[in-house]
Amino acid sequence: MDFVRAKDVAEAIAAKAERPDAEFLAGGTDLMVAVNLDDHRPQSVIGLRHVAELQQMDDTRIGAGVTWDRLERAPQRALAQAARTVGSPQIRAAGTIGGNVGTASPAGDGLAWIAALDAGIEVASVERGRRIVPWAEFFVGVKRTSLAADEMITAVVLPDEQIEAQEFAKVGSRNTMVISTVSCVVARVGSGYRVALGSVAPTPMRAFQAEEMLNDETSPSPAAIAEFGRLVAAEVRPITDHRSTEAYRRHAAGVLAGRLLERCLSS
Amino acid sequence: MIRFRVNGKAARAGGSRLRRLSDVLREDLRLTGTKVGCDAGDCGSCSVLVDGVLVNACTVPLGRLEGSEVTTVEGLADGDTLGSLQRSFLHHGAAQCGICTPGMLMAASALLREHPRPSVRQVEDALGGVLCRCTGYRMIVDAVVAASDFEQLAADPPPGKAVGARVVRVDGIPKLTGTDAFGDDAPPPGALLIRVVRSPHHRARFDIGDVEGYVAAHDGVIAVFVAADVPGRNRFGVIPRFVDQPVFAELETRHRGEPVAMVVGDPESISHLDLDRFPIVWHELEPMMSPDDSLAPGAPVLHQGRHQNVLVRGLVQRGALAEAFAGSDAVIEASYSTPSIEHAYIEPEAGHAKRIGDRLEITVTTQTPHLDRTEIAAIMGLDPEAVIIRPSAVGGGFGSKLDLSVQPFLAIAAWHLDRTVRIVYTRPESMMSTTKRHPSQISVRVGATSDGMLTAMEFSGRFDTGAYASWGPTVANRAPVHAGGPYSYQAYRATTVAVHTNQPPSGAFRGFGVPQSAIAQEGIFDELADALGEDRLDFRIKNALTAGRPTLTGQVFESGVGFKECLEVLRPHWDRALYQSAEFDRSHSRRRQGVGVAGMWYGCGNTGLANPSTIKIGVSPAARVVLFQGAVDIGQGANTVMSQICADALGVEIGVIDQIGADTDTTPDAGKTSASRQTFISGNAVFAASLKLRSVLLTMAQASESGRLEFGAGRVLVYDRGEVVEIDLASLDIDDDGLVVVATGSFDPITTGLDENGQGSPYAIYGFGAQMVELVVDLDLGTVELLKITAAHDVGRAVNPTLVEGQIHGGIAQGIGMALMEEYLPGRSENLHDYLIPTFGDVPEIATILIESDDPLGPYGAKGVGEHTLVATAPAILNAIRHAIGVPVRHLPASPGRVLEAIRSR
C-alpha cells in the first residue's frame, strides 16, 4: 500500500488523478474500520489531515475536514444538534463532515441538514477544477455518490440566505452512540419551510409536497401541522431492516417533522 | 518508521501506515493496558489520548502519529500507586471484570482535565463512547463525579469483620493500571497465530480443496488443520450425554460461523490473510431458522437420534390442574416470545498455548478450567492430567465462556506443531460462533379466585437451542422448575422443549431460561391482577412463597425465603411511584408514566445434580495464608468474596491472604463459575478449609478452640487464655507447593434429582428478589425513557455489599438491553453497532435494597446473586410499559416500533 500525505488540495487531487483507486483518509472512522476487519484492502491512501483548507469553516462553507466536535459548537443550530448525536466523543473528535458526505450512508447524521439547507457539495479535481454539485445530484443511492474517480470532496457550501429557525431530531433504539432509524431537520428560511429526512430513503431526501402544503399557509394551524406530518409520512420511502420497520420509520418521520415544525414556529 | 511519544517516552513503529494505533501499542510496545473489543470504534475499550484528545486507538492509523504524544492507561498510575481517579474507581466498585476500565479511565481523565468536578450528565456524555457489560455504568459515574475529591481508600476491616464489609476488590489494582492480563494480553513472544475458516452459510455441505497447495502458495502459512487432524474425539460439549459439537465440521456445517479449518502461521503474514480464498467449495442447504421450521413434518434432522430435532423435554407438575382451573374466577392466557441474545462481553475469546513434552498448557479466558481440561483431553486423546488450563483474567463471561471456543484450536495447533500459538477472535467471529441466550416461544395460562389467590398455572415453553446441545438440556430443565415464579398455587404444570435449528448454539446466559420464563409469568400476573381489580404489588404479596410452603417441585424450606420481604419493602416506593405517574399523566397528553413490578427466584447451583467445590488453603514459611482459589473470578468478585470468608473463618486480617489460581495443575476443582454457585458453594468450601486450617494451627500451638491467630512479620502467633505461642514455621517441612501447613475443604449441597413429575429438591437454596421500574412512554414515537429502578434482593447475607450492588446494577443493565433493544440476527448484527447493548444513557438511577434472610446453609448466611439480578428487570419494564400505555407488549425487544404498534392497537 502506498500512502500520500497531502499538504494542500492541489497535492491531494494530483495524487488522486494518478491513483483513481486511492482512498482518502481524514478521521478514519469509516476507512479504518473497513481496513481493520479486512472488508477493504486499499492499494493507496491519500491522507488529508494536513490540508489546512479543509479545516476551515465560516458562514458560507464548511471545510470537508471539519470534525464533529467542532460542529457541536457550530452557529447553525440544527447542525450543532445533529453533531452532538454523532457516535461518541471519540468518533466526534475524529470523524468529519466530509467523511459523512463521502460515505453517504442513508443514516449519515449530517446529511438531512445539508438537504434541508439546499447546500451544495464542493468537489475538486485536476481535470475539472472545482465545481459545486447540488446535494440532490451528489447523493445517488445507498452509500453511492456522483463523485468522479478523480475527485475529492472539499467543502459543504451553504446558500446565501437567512435561516430564521432550524431544528434537528433523530430516533434510535438507544440513547448514546445510536444510529438513527429516522432523522429529520425542519428549517424556516425567507422563502418558506423546508423539511429533510435521513434513514428513510436510499439518500437524504426532502418532503417537497409537505413543504408546498405548508408554504401555502400564512400561519400554520394545528390542523396544518398535523397534515404536514401526514404528508411527510406519505412521502418518505423507508425500508424494513434489522434496525426498524418501514411502517415505524414512516410514522416516526411524520411525528418528528411535526414536532420540529412546532419548535420552529415557537422560536 | 514513525516516531512519536507514548506516556512521555520516545517510541517508534514501522509497517503499514494504516496499522491501527491499538495494534502498535499492544504488539510493538507491549502496552496491553489498551484493550481491543471490536476494532470498529463501537466499544471504546481502546480509548487513549492523542495530543490530549480522546480517540479510539483502533481507528487511528499509525501514519498519523508522527510527532504525536499518546497517553495510555499505563501513563495514569505511578507503578501500583493509584491516582485519585483510580482509587475512586476501586472504592466505588466501578471496575468489575476490568476489560472496559482502561477506556473508561482515559475518557474520565480527559473529562476531569476540563471539568474537575463534573456533573452526572457531563460524565455520561464524556464516557458515553465506552461500553461496559458488567457494571451497569452507575458506579462508574459515581466514581468519576467523586474522583477529584477522593482521598484515601478505607483501611481493611479488623480480624473477624471482613464479611459484610465493603472491602475493595482484592484483585482491583491490576484492573486499574492496565496490567491485568486478559486472554490476548500476554502471548509468548514468537507465538504463531491461528485463524479459523468458518462457514458463511447457516447450513451447508462443503468440499475442502488442495490444502497442501494452499500452504505452499502462501508465505508465512505454516499449516492448515481440519477435522481429520483432531487427534482424539472431534466432539465436545458441556453435558456428558450431549457431547455433539465438532471442533471442525466434517460434512455439514449447521450454523453460520461454524469452523471447518484453521490456518496457522507467522502473525505478520497471516493476520490479514484473505480467508475467503481458502480452497473450499460450499454447497448451501436450506436452513431451518426457527423451531417452526425444524419441527415441521419432513424437516431434515440435524442430529442423528434426535427425532424431529428435539434435543430434550422438561416437565414439572403438581396438583390437579383441571380442577384448579375449574375453581378459578378468572383465567387468562397469552403467548410471549424473546429473541436470540448475545452476551457481548467486551473481551473477545482469546488465549495461547504451548506443548511441553507430552503435556499441553493452555492459557485462556474461561469460566470453567476443569471442564475445559476434561474436554480438551478428550479432543486430544490425552489423559486429563496431561492438560493444564490456566485461566487468564476474564473480561466478562455471563455464561458463554462456559463452553469451549478457542481452546481446541490452541490445543491442536500447539500439539502438532510443537510451537507456541495464540488466537484472538474478531468481534464478528465472537458473535457468530459463540453461544446465545435461547430464543423462546412461551404460552402461559394462569387462574385465580376472586379474592386474588392464585389457583393454577400452565406453562409451555419452546426454546430454540440452535445447532448444538450446549446447555440446552439445562435450560429445558431449569425453566419449568422456575416458570411459575416464587408463588404458591394449588396446581402447576410446566412443559418445555429444546429444539435444534440452524441458529448458533444457544447456551448459558445469566439465568438459563429463567429470564425468558419470568417475562411470561410476571407479565400475565399483571393482566390477571388487573382483571381481578387487585393492586399488582398486593397480588404478588398475597401469593408469595413463604417458608413452610412447598415450591413448584414440592420442596419445603423452613427458613431463608425472603421473597415477601423483597415485595413489602417496595411498598412505599410503589405508592409514591403510582402517585407520581398519575400526576404526570394529568399534566402530559402525549406521554405516559408507567410503573411496573416483577418478582423472581433462582436456585443456586446445578439443577438436581452433584455440585462439589474443593478449596485448599495453606500457610507459607513467610507466614502468609495462601488461598488456592479455583472459583474463577470473571468480574463478579469471587477472589474478594473468598478472601473475606477465609479471613473471618481464620480470624485474621484480609491482608495476610495471598491467592493462587485458578489453574488446573495447582488449584483443586472448585467447579464452574455458573449457576450463581460460587459464593454459596465454593464459599462454603473456603469456610470449611479455613476452619480446618485454623484447627490445625491451634492444635500445633496446643491452644483451645477460642484461640486467636495472628499472621505477620514472618511468624504465626497464637493467643489463647492470656498466653502467646509462636508456631515455629521454620521447623516444618515444606511441601511441593512451598507450604508448611495445608488444609482442604469441600462442599456439595444436598439436592435430589427430579422425579417423573419434576418433583424433588433440585437446589439447596434459592435467592429471591423484586424490582420496580418507573418509566415514561412517548405515545407518538413509542420510545421508552427509564426514570428509576428500585431493586430489592434477598441475598441471604451480603458478604460484600459493594460487590452485591455491582451484580444488581449489572444484571439490571442486561435486563434493560433484553427488554428494550437486544436481538441477535446471524449475518445481520455481528458487531456492536448493529447489535445494540445499553450505554451510559440507557441505565437510569438504581436504588438497591438488600434483604438479608440469613440462609442456614450459606457461608455466613450468604446466597448466590449473580443471575438473580437480571431476571426481574425485563418483566418489570414490560409491566411498566403496559401500565403506561394500557396494552401489553409480549414480544421482545420492546423497540420503539413494537411499543408503537401496541399503542396503535388500543
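**Close-up views of a predicted two-chain model**

**Figure 1. Helices α10 and α11 of chain A cross at roughly 140 degrees**. In this predicted model, the axes of helix α10 (residues 222-235) of chain A and helix α11 (residues 246-265) of chain A come within 7 Å, and the crossing of α10(A) with α11(A) is right-handed. On the side of α10(A), the contact involves A:Ile225, A:Phe228, A:Gly229, A:Val232, A:Ala233, A:Ala234 and A:Glu235, which meet A:Arg250, A:Ala253, A:Gly254, A:Ala257, A:Gly258, A:Leu261, A:Glu262 and A:Leu265 of α11(A). By class, the residues of this contact divide into nine nonpolar, three polar and three charged.

**Figure 2. Chain B and chain A bury about 3800 Å² between them**. The interface brings 55 residues of chain B into contact with 40 residues of chain A, and carbon and sulfur atoms give 58% of the area buried between the two chains. Of the area that chain B buries against chain A, 19% is supplied by B:Leu18, B:Arg64 and B:Leu781, more than by any other three residues. Five salt bridges are found across the interface of chain B and chain A. The side chain of B:Asp780 meets that of A:Arg259 in a salt bridge, with an N to O distance of 3.5 Å.

**Figure 3. Helices α11 and α12 of chain B cross at roughly 45 degrees**. The axes of α11(B), which spans residues 369-380, and α12(B), which spans residues 407-417, come within 10 Å. The contact is made by B:Asp372, B:Ile376, B:Ile379 and B:Met380 of α11(B) together with B:Gln407, B:Pro408, B:Ala411, B:Ile412 and B:Trp415 of α12(B). Seven of the residues in this contact are nonpolar, one is polar and one is charged.

**Figure 4. Helices α15 and α16 of chain B cross at roughly 105 degrees**. Helix α15 (residues 514-532) of chain B and helix α16 (residues 536-543) of chain B have axes that come within 9 Å, and the crossing angle makes α15(B) roughly perpendicular to α16(B). From α15(B), the residues B:Glu522, B:Phe525, B:Asp526, B:Leu528, B:Ala529, B:Asp530 and B:Leu532 meet B:Arg536, B:Phe539 and B:Arg540 of α16(B). The contact of α15(B) with α16(B) has five nonpolar residues, no polar residues and five charged residues.

**Figure 5. A salt bridge joins B:Asp665 and B:Arg359**. The closest N and O atoms of this pair are 2.8 Å apart, and a search of the whole structure finds 76 salt bridges over all chains. B:Asp665 lies in the loop between β26 (657-660) and α20 (678-700) of chain B, whereas B:Arg359 lies in strand β16 (residues 359-364) of chain B, so the pair ties together parts that are 306 residues apart in sequence. The loop between β26 and α20 of chain B also holds B:Ala662, and the peptide bond from B:Gly661 to B:Ala662 is cis, with omega near -5 degrees.

**Figure 6. Backbone geometry at B:Pro893 and B:Asn7**. Most residues other than glycine have a negative phi, and most peptide bonds are trans. The peptide bond that joins B:Leu892 and B:Pro893 is cis, with omega about -10 degrees, and B:Pro893 is placed in the loop between α23 (873-885) and α24 (896-904) of chain B. B:Asn7, a residue other than glycine, has a positive phi near 50 degrees, and B:Asn7 lies in the loop between β1 (2-6) and β2 (9-13) of chain B.

Conventions:
Residues are numbered from 1 along each chain as its sequence is written. Chains are lettered from A and ligands numbered from 1 in the order in which they are written. This is a predicted model: local features need pLDDT of at least 70, side-chain atom pairs count only at pLDDT 80 or more; totals for chains, interfaces and linings use all residues. Side-chain values use heavy atoms; hydrogens and water are left out. Axes are lines fitted to C-alpha atoms, for helices over the stretch in contact, and angles run from 0 to 180 degrees between N-to-C directions. Helices (H or I, at least four residues) and strands (E, at least two) are DSSP runs, numbered from the N terminus. Contact means heavy atoms within 4.5 Å. Ala, Val, Leu, Ile, Met, Phe, Trp, Tyr, Cys and Pro count as nonpolar, Asp, Glu, Lys and Arg as charged, and the others, Gly among them, as polar. Buried area is the accessible area (1.4 Å probe) that two parts lose on being put together, summed over both. A salt bridge is a side-chain nitrogen of Lys or Arg within 4 Å of a carboxyl oxygen of Asp or Glu. Angles under 35 degrees count as roughly parallel, over 145 as roughly antiparallel, 65 to 115 as roughly perpendicular and the rest as oblique. A crossing is left-handed if the near helix is turned anticlockwise from the far one by less than a right angle, and right-handed if clockwise.
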